[in-house]
Structures are given as structure tokens and as C-alpha cells.
Amino acid sequence: MRLFGLGYYDGWYYIMIDLSWVHGALIYFYTKAQTQPNLKIQKKQWIHLLPVGIQIICSVFVRLQNIYWDGTRESLSWLGYYGYVVWMNNPTIYIIASLLIIGYAYKSRKLIEDIQEIYEISNTKLKWIKRIVNAFLLYFCLVFIILLADLVIYTSANQESYFYFTRFYYYPFFIGIAILTYWIGVEGFSRRNDPEIEIKKHITNEEQQKLQELADKLEAIMKTDKLYKNQELSLQKLAQALETKSYLISRCLSVIFDKRFNDYINAYRVKEVQELLKDADNSKYTLLSLALEAGFNSKSSFNRAIKKQLGVSPSDLKLDA
């Protein structure tokens, strides 16, 4: 677009340049969000946005110099003049932006490695996150090397202002960014149905054994007493029936069964509906009435459970039966 004079030095052009120092922090926050469930940004982490704040302040200051500039150096203050030279006539913005992305990409890689030592992450999506981080790291290492070599070697040899990068590397740089962006977009869209990352803390053998014992009791009470048929069944009520703490039930379901409470209970209810459908005497009843008999408390919850557990619509159940 710039080649054909479109979007050149307009509002969006300045906005995107003035926010370029935020990309490194966003990569880091993305990595944290994808590897730490229920992440909440703490106040101290807002310091990662400090660079983009500094960038905005510097950019506003430099652009304000146009108010005072009359074409002569004397019309600007010492700070205004050299600020303009450093900010506008040198690759300062690009170099710092590249360094921030390189630094935060490396920090993100370290975060992934540290998390793997603490948690067991069983999901291929982790590889996808690593590829994103590594792609940014490698690309901006290359960009930084070219920028630095161009600035130091060309400018020193020719004693000219920095504009060589603009002539020869500007378009390839943005073409590379475009390729990287489209690759992330296409890959991300193709993985939209991938399961979310599930993180489990490593547990001791003793805790594993206790949770397995609780799981055996849970399975037994489900099969004998069929507690899942209670429409008002909750985690607390199930804990009372097993004479244990509700958090231990949640831990057991997560570690042993790799399920949440609702998914675990609904799996039994779905099986119950399937068994009821096999009985010819139940053909006179509607599917909803059988679902209510199995423990579901509404049509919508039943429909969601069937779709999630079996991957089919409720109407397909009768056909299978």
C-alpha cells in the first residue's frame, strides 16, 4: 500500500509505529495466558507496558517539534533537535522494538521451560506456542542484525544520515512481517477446535494412591447408588455422600479422570439415557422425559452434554437405539 501511496503517513501509520514497543510484552502475556489457566494480571506485571508508555511520550515530544521548526536548527532546542535526529533519522524505534521482541521471546521460552519442570502439560498446543515464540525470536534476531549492520557500517562509511534501510530493506521487512502474521492466522484458525491446554501439578506417589482410593469409592457409589440421577446433585452433596472434602473430589476428578465435575456426572447420565433407550418399554416416552429420568434438569443441559460426550445431536440417539 505504501508503494502505491496508500496509507502513507496517515493516522494509522503513526499509531502502529508509536505502539511497536508493546509487541514483545504481548508475546510474553500470550505465553503466560496459554500456559497458566485462570491467569490474572497482577499490578506489578503492568511494568511490562512501561516501554510503550515511554515510546508514546517520546514520539509525542518529537512530533511537537514540528510546531517550532522553521527549517533551521536554531529554531529547536538542543533536546528537541537531537531528539528528532535520533528518533526520526535513525532506526531507533525499530532497533528497540526488535530488542524488546527478542528479549520477551527469550523470556517466553524460559517461561515454557520452567513451567514444564513444575507442571505436566499434555497438549500439542504447547508445541504451537513454542513455534510462535521461536518464529518471532529468529525473525527479529535477523532484523536486528541487519539494522545494526546497516546503521554502523553504512552510516559510518558514508557519513550520511540513516536512510539506507528504508531504500533496500523496508519492503522485505514488512513482507516478512506479513508472512509471519498470515502464517499465525491460518495455523491458529486451523487449530480453533483443539482442546485447551490442561495443566496438572506433579503429585507424590502417596497423594496419587489416596486419590486413586477416592476414585474407586466414587465409582462404586455411582454404580450402586446412582447419585447422578439426582438433578440437584452438586460437588458439595457428592462430598457429603463420600464423607470427604469437596476440594478432594475436584482434585480426584482432575488427576484420575481428567474431567471436571459436570463432565464426569453427565457422562453417567448420558450412558443412563442410552440404556433407557435400549428398553423397548421406554419407546412411548419422549427423549426429554428419559433425559430428566437420567438426572438432567433441563433440555439445554441434556443437548450440550450429548454433543460434548458423543459428538452427535440428541435426535441421533434414538436412531442408534
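**Aromatic pairs and their surroundings**

Reply: W78 has a relative accessibility of 64%, above the 50% limit, and therefore counts as exposed. The model under discussion is a predicted one. Y82, with a relative accessible area of 36%, is partly exposed. Both W78 and Y82 belong to helix 4, which covers residues 78–88, and they stand 4 residues apart, about one turn of the helix.

A pair of aromatic rings is described by two values, the distance of the centres and the angle of the planes. The count of aromatic pairs in this model comes to 14. For W78 and Y82, the ring centres are 5.5 Å apart and the planes meet at 50°, so this pair is tilted.

The pair of W128 and W183 may be set beside it. Here the ring centres are 5.6 Å apart and the planes stand at 70°, so the pair is edge-to-face. W128 is part of helix 6 and W183 is part of helix 8, so this pair ties together parts that lie 55 residues apart in sequence. W128 is buried, because its relative accessibility is 4%. W183 has a relative accessibility of 29% and so counts as partly exposed. A further group is the aromatic cluster formed by Y228, F257, Y264 and Y268.

In soluble globular proteins, nonpolar side chains tend to be buried together. The largest nonpolar core in this model contains 21 residues, and F136, F140 and V143 have the most contacts inside it. Helix 5 (92–118), helix 6 (125–158) and helix 8 (170–190) each give two or more residues to this core. Helix 6 gives the most, with 13 residues. Beyond its neighbours within four places in sequence, V143 is in contact with S98 and F173. A second, separate core has 20 residues, including M222, C252, F261 and Y268.

Helix 1 and helix 3 (50–68) each supply at least two of its residues, and helix 3 provides the largest share, 5 residues. I15, located in helix 1, counts as partly exposed because its relative accessibility is 40%.

How values were computed:
Residues numbered from 1 in each chain as written. Predicted model: local features only at pLDDT ≥ 70, side-chain atom pairs only at ≥ 80, totals over all residues. Heavy atoms only, no water. Buried < 20%, exposed > 50% of the residue type's maximum accessible area, 1.4 Å probe, protein only. Core = buried A, V, L, I, M, F, W, Y, C linked by side-chain atoms within 4.5 Å. Contact = heavy atoms within 4.5 Å. Phe/Tyr/Trp six-rings, centres within 6.5 Å; stacked < 30°, edge-to-face > 60°.
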